[in-house]
Amino acid sequence: MICILKIMEQPAGRAGAGQKMKGIIIMAGVVGIGIQDFSKIIENHCFYVDKTSFIKQWWENQDEVTLITRPRRFGKTLTMSMAEHFFSIRFAGRSDLFEHLNIWKEEKYRRIQGTYPVIFLSFASIKDTCYKDAFTGICQILTDLYSDHQFLLESGSLSEKEKEYFLSVSDHMDERTGAAALNRLSGFLAKYYGKKVIILLDEYDTPMQEAYTGRYWNEMVSLVRRLFHLTFKSNPWLERALLTGITRISKESVFSDLNHLKVVTTTTEKYGTSFGFTEEEVFRALDEYGLSDQKQEVKNWYDGFTFGSHAHIYNPWSVSNYLDEKKYAAYWANTSSNGLAGRLILKGGVQMELIMENLLQGGDLVTTLDEEIVYNQLEKKKSAVWSLLLASGYLKIRHSEFCGRHSPEYTLAITNLEVRIMFEQLFTEWFSNFRFEYHDFSKALISGDLREMNAYMNSIAESVFSYFDTGGKPSEYRQPENFYHGFVLGLISDLRGLYIVTSNRESGYGRYDIMLEPVADGYDGIIIEFKVFDPGRETSLEDTVESALKQIEEKKYETSLIHKGITKEKIRKYGFAFKGKQVLIGK
């Protein structure tokens with residue numbers, strides 16, 4: 001296999017803060033899916049987008065303990081493996097792994113490679129349903145680490161007492177021994193090599209998420225807090241530490257006394273292009289694989305992530321799979337059970353379902369965010385689920401503004417086409433046993449039963465709409481009509497076998513809100529226009545209905561249905577008027 005190196009110079013102003021990129025380097029070999037070992041990718045000449053400039057940026061920032069959160073499958077584990085191969089004494093003399101990459105162009109870093117004792121571990125496998133099994137899993141990981149360093153027992157550098165502790169680390173050790181294991185191993189290595197250690201912990205938050213869903217949160221917090229304190233705070237042998245995960249768990253939970261912790265989330269500027277692929281990198285890769293004509297479609301499917309001010313970051317897992325398969329699919333969507341997100345969305349009940357319906361229809365959500373996940377508040381704090389979905393990559397930030405608040409309001413939307421497809425599938429699963437009776441409204445709409453339509457809508461409005469502040473000051477949506485629009489689209493989603501349902505399309509002299517074009521004989525075409533009561537122009541909801549119907553007529557929204565061969569007599573027009581929790585439908 002021949003390794004093809006392609007270099008495209010990148011303008012100096014495009015790199016992240018403190019990051020002087022030498023150019024975009026694409027190794028356009030065989031696409032090895034799921035390889036997370038850096039040396040295996042380089043040695044087997046697999047597809048690789050050079051991210052070694054992260055090493056320089058991280059090292060020069062000089063943060064003692066860094067936590068970086070990114071969505072799953074965004075190259076976190078590969079980056080950690082890259083850091084291990086670069087810094088670890090185990091890989092001293094392995095210049096062949098880096099000599100064609102950006103970091104090797106820096107003489108200072110050529111001298112650093114392979115000069116530090118490194119402890120690298122991952123909690124990715126800790127996905128147990130009870131604390132006992134989770135603790136055993138962590139013990140096994142720590143025991144394997146000690147087995148990898150068995151040479152220390154014969155080195156002569158350990159005292160008899162230290163050897164005794166070393167041998168006490170096992171799959172069945174107690175919590176006190178387990179919590180101190182990384183601290184003690186750091187000391188053993190520092191003593192042997194005469195140099196402080198670098199600790200790399202991947203997927204640090206997986207045990208915490210599983211503990212929350214498995215309802216053993218308190219036990220896990222107690223263990224992890226003690227482990228992290230001894231490893232990252234009270235560790236005199238620590239040179240640097242790097243942690244990665246999906247979420248930023250609240251400081252009070254597990255980082256209570258790590259006041260030196262540098263946290264990098266999706267809204268942080270640092271390392272903005274170090275995880276995921278930039279658009280330039282993706283387009284260059286498409287050129288190398290003879291797929292230049294697919295750039296726009298790849299963008300539609302896999303673009304949409306933003307880290308700090310760096311927009312147009314692509315999902316690397318999905319792009320790699322596309323380069324391998326040469327076909328579009330929701331690759332990323334099939335890599336996780338999404339259990340925590342599903343639980344929180346279901347917990348939100350009908351209200352959450354309506355918000356999700358709106359997002360799936362292309363709408364957005366305006367909300368405040370707290371990127372620090374407080375797990376014991378997840379089911380109480382309304383914005384917590386949106387913070388989690390943003391951190392997980394399911395939502396993206398369209399823009400933010402302060403609007404006189406201490407913290408900004410964020411406008412969120414579904415990230416891209418791939419995520420939308422995933423959510424449509426998950427949405428059906430999550431609410432399969434929960435959905436309220438949509439078909440009652442659909443039957444009334446098809447039959448033209450105006451009385452039943454009004455009764456249904458007002459019943460739902462009374463029990464649900466107050467949650468959304470649908471009056472004059474909506475907190476969740478910029479325009480109340482957006483909410484009503486998405487809500488009604490959700491109600492009629494079960495009609496798609498009988499109708500072609502379209503929204504916000506041009507017809508006549510404007511854009512209608514919703515149109516139902518029948519696909520079978522015997523059904524009428526339907527046009528729906530939404531209006532929110534305007535007290536400056538109208539005195540009653542009846543006036544609002546008339547305003548909606550008047551707009552349908554004046555804008556000639558029926559034009560496209562008539563062009564499809566549907567006669568005027570077979571076209572029904574409805575005006576939906578809303579005022580807070582009051583609804584009036586007329587025709």
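This passage describes the overall make-up of a predicted model and then one of its sheets, with strand β20 as the guide.

The model is predicted, so local features rest on pLDDT of at least 70 and side-chain atom pairs count only at pLDDT 80 or more, while totals for chains, interfaces and linings use all residues. Residues are numbered from 1 along each chain as its sequence is written, and side-chain values use heavy atoms, with hydrogens and water left out.

The protein holds 22 helices and 23 strands, where helices (H or I, at least four residues) and strands (E, at least two) are DSSP runs numbered from the N terminus. Of its 587 residues, 55% are buried, meaning under 20% relative accessible area, with exposed over 50% and partly exposed in between (1.4 Å probe, protein chains only). The exposed surface comes to about 25000 Å², 46% of it from carbon and sulfur atoms; accessible areas follow the Shrake-Rupley method with a 1.4 Å probe, and for residues only the protein chains shown count as cover. Among contacts (heavy atoms within 4.5 Å) with a separation of 6 or more, 72% join residues 24 or more positions apart.

Turning to the sheet, five strands make up an open arrangement in the order β17-β20-β21-β22-β23, with mixed pairing; two strands pair if DSSP finds at least two bridges between them. Strands β17 (499–503) and β23 (582–586) are at the edges with a single partner strand each, so one side of each has no neighbour in the sheet. From one strand to the next, the twist averages 15°. Helix α21 (residues 541–554) packs on the sheet and touches β21, β22 (571–579) and β23, its direction making about 140° with that of β22. Here axes are lines fitted to C-alpha atoms, for helices over the stretch in contact, and angles run from 0 to 180 degrees between N-to-C directions.

Strand β20 (residues 514–518) pairs with β21 (residues 525–532) in the antiparallel sense over three bridges, and Leu516 has Ile526 of β21 as its bridge partner. The two strands form a hairpin with six residues between them, and Gly522 in the turn shows a positive phi of about 95°. β20 also pairs with β17, again antiparallel, over five bridges; Tyr499 is bridged to Pro518 of β20. Five of the five residues of β20 are buried: Ile514, Leu516 and Pro518 lie on one side, and Met515 and Glu517 on the other.
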